[in-house]
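Open the structure in your viewer and keep the selection tool ready. The stops below go one at a time.

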Amino acid sequence: MTLILLCSIYALAPPTGVRAYDTPDDGGGSVTIEWQLSQDDAEITRYDIYRSEDGETYEKVGFIGPGRTSIEDESTQDGLEYFYKVAALRDTIRIFSEPSSPVMSRAHLVDRTKMNVFVALLILGAIILYFTYAARRGREMFIRKITGLQAIDDAVGRATEMGKPILYCPGIGYIEDIATIASLNILGEVAKKCAQYDTKLINPNRDPIVYTVAREIIKESYNSVGRPDSFDPDSVYYVTDSQFAYAAALDGVMIRERPATNFLVGWFRAESLILAETGASTGAIQIAGTDQVSQLPFFVTACDYTLIGEELYAASAYISKEPLLLGAIKGEDWGKFFIGVVLIIASIIGLLTTFPILGLFR
Amino acid sequence: MKRTFPLILVFVFGILGIIPFFVPHPVVQNADGFLRNEFLRILVAFALVLGLGSLLKVHIDKIKRRRENWQYSWILIISFLISAIIGLFGGVRGTGILPTSIGSFQFDIWTIYWNVVMPLGSTMFALLAFFMASAAYRAFRARSTEATLLLAAAFVVMLGVLPLGDRISPHLPSFAQWIMDVPNVAGQRGILFGVALGALATALKIILGIERSWLGGGRE
């Protein structure tokens, strides 16, 4: 009986080749442990991971299922030496591996796994900056016609002729959302036109920080065209941070004030259709824009003009005709061309390796 | 200086926002956490006071000048004051110094939120069903080639997800799924592709001070 029991114990082979190393590209506090599977991997319940500071007393710090050959211990203290053992477990039988060499975790300065992003950022940044400075040297930049932005002049003009206000909604995003920032850039240009034509601009906001920024932008726009007296501080206001209460408030403004033009430009979610449909029912010209792909169909359906994705970001340059900004857009287009070429080449190589008949690039 | 100082701030904080993405060191990550969580929270608190002040000012002004529907502004101001008093002195779950229940009737902020704010929000959300119907009617009128294509694609997709579609042809559900998975995803990826690059360009323009519309324009 004892012989059978001993045989069953020693029949369980331990994991081998245990290697522990400082987890690369992290902020410290982590060691990665790797091992080779036990020969009896199919029979074991799990692998238990043990850690020691002195190489003699071990404590369990984790476990992982069979078939797995690595785990991260994220509870280490940087600068301390640790030893690791991995135990194969079956029922109550636990067979330990040999201990690993001592290992010490540390914090890394650079995450090398993100170097591809960094290189792409540098290349695209360089292209954009090249065209920006080419524009500064006086190079002519051709930008394709964006119908939605060309309509802004007409929309402001229509509101002026009708003696009705313009409603500008910057969406429900926060100041860190790029769509909100782009929207505030457009707001600056729209506010200048409103100031020039002396048209009332209503700007209800959902976020208190966006409200304070929007208020300053509109005020500065009125100043920049020499109409500081026309700025009405009460027409820029904060409503609520509740998504649907904000939608209800804007619907109320649309119904009561009957703006001649509604700008729905920024970051939107489900309220996009509620706003766009209410605006359409009042007969206002509607210019919408967002980078939220899921909301674009609603705007395309219910609004007269829609700025799709990047058109939203290009808007302030397009309206202001500022050469430097136009240069940046040109750079953006060349960046897209560059990425497009890379994607096409990668796709062709992918296809060539996929079709066995071609057998190239293997 | 009025414009230079904000530009310097944007440049410094813009770069400080990029660095933590590439540097995992705790010193950088903790500083980033402080800026994003603690610093921003203080900033939001100040902005919120300004925001609420603006809201009250607009509605008090509306009552003073007896503008159209001025009576509703009273509802807003009274609701605002009641919520503020209960929230400040009654605590979120009625743990403050102010009693927030009369017998079994509770009126702490948590109860108000779940029984008033949430149902009102849900009501607005429910309106989407009706707006979707009217928007779909407008979108599906076959007035142009694009609208006709949209109508045909929508018709196929709608039939494909219904049991009737499978009865008409067993290939219809898979064709509908193909429309959703291939042409639809291709279009979405095209837009997202431009959005990603546009976001990068916009961020660069703002950090480097090329884009100044947010300053109200001007270059002085």
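**Start with chain B**

Select chain B: buried residues make up 15% of its 220 residues. A residue is buried if 20 or more other C-beta atoms, placed from the backbone, lie within 10 Å of its own. This is a predicted model, in which local features need pLDDT of at least 70 and side-chain atom pairs count only at pLDDT 80 or more, while totals for chains, interfaces and linings use all residues. Residues are numbered from 1 along each chain as its sequence is written, and chains are lettered from A, with ligands numbered from 1, in the order in which they are written.

Now show chain B as a cartoon. Chain B has eight helices and two strands, in the order α-α-α-β-β-α-α-α-α-α. These are DSSP runs, with helices (H or I) of at least four residues and strands (E) of at least two, numbered from the N terminus.

**Move to chain A**

Select residues 12–104 of chain A for domain 1, then 141–321 for domain 2. Such bounds come from an automatic or database domain assignment. The C-alpha centres of the two domains lie 58 Å apart.

**Where the chains touch**

How many residues does each chain bring to the contact? Chain A gives 66 residues and chain B gives 57, where contact means C-beta atoms, placed from the backbone, within 7 Å. On the side of chain A, select helix α5 (residues 208–224): the largest share, ten residues, comes from this helix.

Terms used
Buried ≥ 20, exposed ≤ 12 C-beta atoms within 10 Å, placed from the backbone. Contact = placed C-beta atoms within 7 Å.
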